[in-house]
Amino acid sequence: MKKRKLILCTVLAMIMAVTMTIPAVASAGTAGIKESVKKTETKSDAGQMTQEKSAVKTGVKANVSVAANGPGVIYVVGTAGTSVSSNIPGYTTVYINSSGFKTVPVATAGTYTVNNVTSAIFMSSVNRTIASGGTYYVGNMDNAANIMTFKADKTGYVAVSAAPYGGYVSLYAGSKALSGKDYLSNGVTSSASKWMNAVCYGVKKGKTYSFRMSPSYLPVYWYAITYQSKAIKEKSGSKKSKAKTIKRKKNRYGAIAAGSGTKDWYKIKTSKKKLTIRATAGTNDRIKVKLYHKRGRTSVSRTLTLSRAYGYTYTAKGNAVKGTWYAKVERANSKSSGAYKLYWK
């Protein structure tokens, strides 16, 4: 059977381990358990997109007319450090910056002409409905939030990303906020920060949600937004007595829907003196994995808090490791959701 892969925030995580030792939880006079936890840094490029090449930089200058169907921005490309004329209200003179472009706001529909430039393109700031896999170009004006509505086509999770500018994204169902304002980077390539390039939320098939995008610092700008959906077929128990068994060396996947306080229960049965459990997540905030085990007078209660940036590898050694372990997965707070993967050997 082929191994299934969970693409957290649209890519596989690359792992770098940093070891931390945690004291054993054991009663005196028993064969206790020695525990250790490795914090694993997620270095994914998480749905990073290529910046739109809207301008064909041929070096040919022309008077370019752009049709706007409502409020939005016009992205103008020209010779760096020059001024050009236009009929855009409030911008009859457009200053091309040192990078060779200028983003100009327009408040109403109309045909606008910018003279002696390489290209110009209009991007609407109107709220709209989007679909998984599509890329949508949005003009943002005056730090206002843009609302992108979608209907979940799968139960599982969605990963949203934006470029070339980042900002903050929130997930809503109607007027109800299902998350906080989650920071979304602008497609940075630094290995230590790639986890910021996407945000993941748990969703239910058939339910209507919306992303609310807010800029982080620019009053007028544009961005391209996309999201990918991934189905998760979860097999978990709703309580400890109904916990589902995870087989050795098999991945188990689950999702916590935004706004849901459900808890997923699993159990692990081992006859070995050493146990290793790996847990990773694609989330907007944090997901908790709580481990429980009792053998004789030895008991273990350990919490692994997974985030956008980090997963964990938990290891237990000793005679008391043998037996049944339980894992409870839940959101860390009311604004957290996403998907997770559990594995043990």
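1. Two rings of Phe, Tyr or Trp are taken as a pair if their centres lie within 6.5 Å, with planes under 30 degrees apart counted as stacked, over 60 as edge-to-face and the rest as tilted. By this rule the count comes to 13 aromatic pairs. The model under review is a predicted one, and the points below should be read accordingly.

2. Among these aromatic pairs is that of Phe-150 and Tyr-227, which is tilted, with 4.7 Å from centre to centre and 40° between the planes. Phe-150 belongs to strand S12 (residues 146–151) and Tyr-227 to strand S19 (residues 220–231), so the pair ties together parts that are 77 residues apart in sequence. Both residues, Phe-150 and Tyr-227, are buried.

3. Tyr-227 also pairs with Phe-211; the ring centres are 5.6 Å apart and the planes stand at 65°, so this pair is edge-to-face. Because Phe-211 lies in strand S18 (residues 208–215) and Tyr-227 in strand S19, the pair links parts that are 16 residues apart in sequence. The relative accessible area of Phe-211 is 0%, and this residue is buried. Tyr-227, at 2% relative accessibility, likewise counts as buried. One aromatic cluster is formed by Phe-150, Tyr-201, Tyr-209, Phe-211 and Tyr-227.

4. The charged end of Arg-212 sits over the ring of Tyr-172, at 3.8 Å from the ring centre. In the other case, the charged end of Lys-240 sits over the ring of Tyr-326, at 4.8 Å from the centre of that ring.

5. On the overall architecture, the protein has 28 strands and 0 helices. It comprises 345 residues, of which 48% count as buried. Among contacts between residues at least 6 apart in sequence, 75% join residues at least 24 apart.

6. Is Asn-140 buried or exposed? Its relative accessibility is 0%, so Asn-140 counts as buried. The side chain of Asn-140 reaches the backbone oxygen of Ala-144 at 2.6 Å. Leaving aside neighbours within four places in sequence, Asn-140 is in contact with Val-73, Asn-146, Met-213, Pro-215, Pro-219, Val-220, Tyr-221 and Tyr-223.

7. Gly-338 is placed in strand S28. With a relative accessible area of 0%, Gly-338 is buried. Gly-338 and Thr-283 are 55 residues apart in sequence, yet their C-alpha atoms are 4.3 Å apart in space. Beyond the neighbours within four places in sequence, the contacts of Gly-338 are Cys-200, Tyr-201, Gly-202, Ala-255, Ile-256, Gly-282, Thr-283 and Ile-287. Tyr-201 in this list is also a member of the aromatic cluster described in point 3.

8. How many cavities of 30 Å³ or more does a search of the whole structure find? The search finds 2. The second largest cavity holds about 40 Å³ of space. Its lining consists of Ile-246, Ile-268, Ile-277, Val-289, Leu-291, Ala-327, Leu-342, Tyr-343 and Trp-344. Strand S24 (286–295) and strand S28 (338–344) are the elements that give two or more residues to this lining. S28 supplies the largest share, 3 residues; Gly-338 is found in this strand too.

9. The peptide bond that joins Ala-163 and Pro-164 is cis, with omega at about 5°. Pro-164 is located in the loop between strand S13 (156–163) and strand S14 (167–173).

10. Asn-116, a residue other than glycine, has a positive phi near 55°. Asn-116 is found in strand S8 (residues 110–117), and its relative accessible area of 46% makes this residue partly exposed. Lys-249 is not a glycine either, and its phi is positive at about 60°. Lys-249 is placed in the loop between strand S20 (244–245) and strand S21 (252–256). What is the relative accessible area of Lys-249? The value is 45%, so Lys-249 is partly exposed.

Methods
Residues numbered from 1 in each chain as written. Predicted model: local features only at pLDDT ≥ 70, side-chain atom pairs only at ≥ 80, totals over all residues. Heavy atoms only, no water. Phe/Tyr/Trp six-rings, centres within 6.5 Å; stacked < 30°, edge-to-face > 60°. Helix = DSSP H or I, 4+ residues; strand = E, 2+ residues; numbered from the N terminus. Buried < 20%, exposed > 50% of the residue type's maximum accessible area, 1.4 Å probe, protein only. Lys NZ or Arg CZ within 6 Å of the ring centre and 35° of its normal. Polar contact = N/O pair within 3.5 Å; in protein donor to acceptor, adjacent residues only side chain to side chain. Contact = heavy atoms within 4.5 Å. 1 Å grid on protein atoms, 1.4 Å probe; cavity = no way out; pocket = protein on both sides within 12 Å on 5 of 7 lines; lining within 4 Å. Points joined across faces, edges and corners; volume = space filled by probe spheres on them.
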